[in-house]
Amino acid sequence: MSSTEFVKAKNDFLEAAKRTYESGIQTGTGGNLSTRIPGTELMIVKPSGFTYGSCTEDNLCITDFDGNLVDGKFKPTRECTLHGNLYKRYPEIGGIVHTHSVYSILVSMYFDQLDLVTLHTELKFKVPMPVVDVTTQSVTPEELPKVFAAIDANPGVMGFLLKRHGLVAMDKTAVKAGQTAELIEETAQILWEKRKMDLLLGK
Ligand SMILES: [Zn+2]
């Protein structure tokens, strides 16, 4: 890999980790993010057990798309199967952010999709986020077809919700995926509050 591509990917990863941590959409050590290293079959992923806020140059993991560690001192996130297989199947994805965000989880438990209730999400996302019912702790190879089916049935979709689990945002870079994740969570909150008001008003 060219060192320029690697440095760009590393900076994208670290900036996305910092921004996502500061946004407050992920607490503790949950969630994970990754950046594709362009021109390679490799990705930078969050080490397991680290918070978004503690990701630094010294603890990042470089793995192949099957999650095998190529460089780094720590164990990569167990969600590598999901990240790597999304990069393998969808070449347009350059960054992925996954968080266990409160309103996205609530919406995933009661709805089949995240409706784009605001004007701006309708304009930006165009396609509602499907809810995928994955029952395992992280997405296993056996559960991947459910994820692929949801994405393929909604061309252009920029993310999805994992039922009772959290959100996954996909974009050209990890920084953009982080911004998409924030917007998904914000939309979930608005949808959740709107439905409560609808009930109150008997709509
Ligand atoms: Zn998770």
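**Pockets and a zinc site**

Q: How do the residues of the lining of the second largest pocket divide into nonpolar, polar and charged?
A: Welcome to this predicted model! The second largest pocket is lined by 16 residues, and Gly counts as polar in this sorting. The lining residues divide into one nonpolar, three charged and twelve polar.

Q: Which residues lie nearest the centre of the second largest pocket?
A: This pocket has a volume of about 210 Å³. Of the 16 residues that line it, those nearest its centre are Gly31, Asn32, Thr77, Arg78 and His100.

Q: What are the protein donors of the zinc ion?
A: Let's follow the chain. The donors are spaced as H-x1-H-x64-H. Each donates through its NE2 atom, lying 2.0 Å from the zinc ion, and the three are His98, His100 and His165.

Q: Is His98 buried or exposed?
A: Buried means under 20% relative accessible area. His98 has 0% relative accessibility, so His98 counts as buried.

Q: Which helix and which strand each supply at least two residues of the lining of the largest pocket?
A: The largest pocket has a volume of about 260 Å³. Among the residues closest to its centre are Gly156, Val157 and Met170. Its lining divides into seven nonpolar, two polar and four charged residues. The two elements that each supply at least two of the lining residues are α5 (144-152) and β9 (166-171).

Notes: Residues are numbered from 1 along each chain as its sequence is written. This is a predicted model: local features need pLDDT of at least 70, side-chain atom pairs count only at pLDDT 80 or more; totals for chains, interfaces and linings use all residues. Side-chain values use heavy atoms; hydrogens and water are left out. On a 1 Å grid over the protein atoms alone, a cavity is a set of points where a 1.4 Å probe fits but cannot get out, and a pocket is an open set with protein on both sides within 12 Å along at least five of seven lines; lining residues have an atom within 4 Å of a point. Grid points are joined across faces, edges and corners, and a volume is the space filled by probe spheres set on the points. Helices (H or I, at least four residues) and strands (E, at least two) are DSSP runs, numbered from the N terminus. Donors are N, O and S atoms within 2.8 Å of the metal (3.2 Å for Na, K and Ca); water is not among the atoms, so sites may look incomplete. Buried means under 20% relative accessible area, exposed over 50%, partly exposed in between (1.4 Å probe, protein chains only).
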